Amino acid sequence: MRLRALARLALFAVAPIAAISQSSLTNSPARKPAQKSAPRPAVAQTPPMGWNSWNYFGRRVTEQDIRDAADQLVASGMRDAGYVYVNIDDTWEGDRDANGVLHTNSKFPDMKALADYVHSKGLKLGIYSSPGPLTCAKFAGSLGHEVQDAQLYASWGIDYLKYDLCSYRSVMQQKAPGDQAEQMSLMRSAYEKMHQALESTNRPIVYSLCQYGWDAVWEWGPKVGANLWRTTGDIHPEWNSIYTIIGNQAGLAKYAGPGHWNDPDMLEVGNGKLTLAENRTHFSMWAMLAAPLLAGNDLPHMTPEIKAILTNRDVIAIDQDKLGREGTRAYVDGEVEVWTRHLSGGALAIAVMNTGSDRWPSHPFHLNLAKLGLHGPLQGRDLWAAKEITLTDNMSLEIGSHDILLVRVAKPR
Ligand code: GLA
């Protein structure tokens, strides 16, 4: 992320001000509502699912792309499979007016109308900002306008905020030169500040931290109200990026649970030159990791194979399992990794991932059930072949390069 973000020097031309009446929005804490309102519904009780504009559109995204994405989520069956958040990433922001109220740029002429459209499809709308003066793409951030911005989002009907550290790093360095501990403390306070601002709107808004996993964010994210936090730098649509991110998640499982999730970044399924096997493995492992499933592909031009991966209900059910226990790496044998995830009702998901070259009958991989504390034979379901499978002690498995066997076992003995 860092290099890529720093490399983004050119400013996108912003046009003035959308005609939305926002003059009542101030940056002082919200007045107490006259009547005590009902408690807000808890959000992100399972990992958020939806789509985000960044991985495919980057800076080019427009309101029309968001409308098209919403349409396609419905038409493709993805909404009905659980993908409900439509998240606008960076580059929607315009200028602040004399009252400090932020306006959209010309790519997003009417955010309220867009939110209404997205909501009319049974979907929710997400947005993006930074605790710094500028976002990573150098658009206006929320520094000094946190309450005002949170109120603005609520007035539009925003349901999800991704809050990306970006230029706040410079603020930290300027305020506490050479003092890393103080810099990190400033960062935590900045995230807490926006949490309080979101709370003051009294609207249920998913709060997604994006600071690339700095300062062991999983240890303090829940304390600053985060529903999810990025654990890594930016993902890229290539195997090495996905494989590296998977490796970095080992050891983080205990920090995830209902309402607060590790976020290994948005999905690249269907992007770049990932093979179908790599797309399957990427999606399977995000499910094993109880990761947010935010598709990032070109929905209107999605191939049937990619749609089949993204809408595999058995795999989604692993991700969305209500127990909310993230999977862990059980053992590694050469180039093959075996991960398990405990599911509700005593079920277990087992993922066998071949990170190396193809395994043929001449040298198959042997699954060691004893290392998982299990004994065969075990009846399970192969979630990609969509058929029953019997796991036996030391069984031979031929798994293609960068492919995965994902099995759900109802109740292992
Ligand atoms: C950072 C984030 C990305 C994306 C871009 C937008 O790099 O990590 O996910 O939001 O900023 O500029």
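I started at histidine 402, which sits in the loop between strand E17 (395–397) and strand E18 (404–409). I take helices (H or I, at least four residues) and strands (E, at least two) as DSSP runs, numbered from the N terminus. The model is predicted: local features need pLDDT of at least 70, side-chain atom pairs count only at pLDDT 80 or more, and totals for chains, interfaces and linings use all residues. Residues are numbered from 1 along each chain as its sequence is written, and side-chain values use heavy atoms, with hydrogens and water left out.

Histidine 402 is not a glycine, yet its phi is positive, about 60°. I looked up its accessibility. Histidine 402 counts as buried because its relative accessibility is 15% (buried is under 20% relative accessible area, exposed over 50%, partly exposed in between; 1.4 Å probe, protein chains only).

Next I checked alanine 44. Its phi is also positive, near 55°. Alanine 44 lies in the loop between helix H1 (2–7) and strand E1 (49–52). At 10% relative accessibility, this alanine 44 is buried too.

Then I turned to the peptide bonds. Glycine 376 to proline 377 is cis, omega near -5°. Proline 377 is in the loop between strand E14 (365–367) and strand E15 (378–382). For context, most residues other than glycine have a negative phi, and most peptide bonds are trans.

Last, confidence. Mean pLDDT (the predictor's confidence in each residue, from 0 to 100) is 92, and 90% of residues reach 70 or more. Residues 1–24 fall below 50, with 51 contacts beyond near neighbours in sequence (contact means heavy atoms within 4.5 Å). Residues 29–34 stay under 50, and I noted four contacts beyond four places in sequence.
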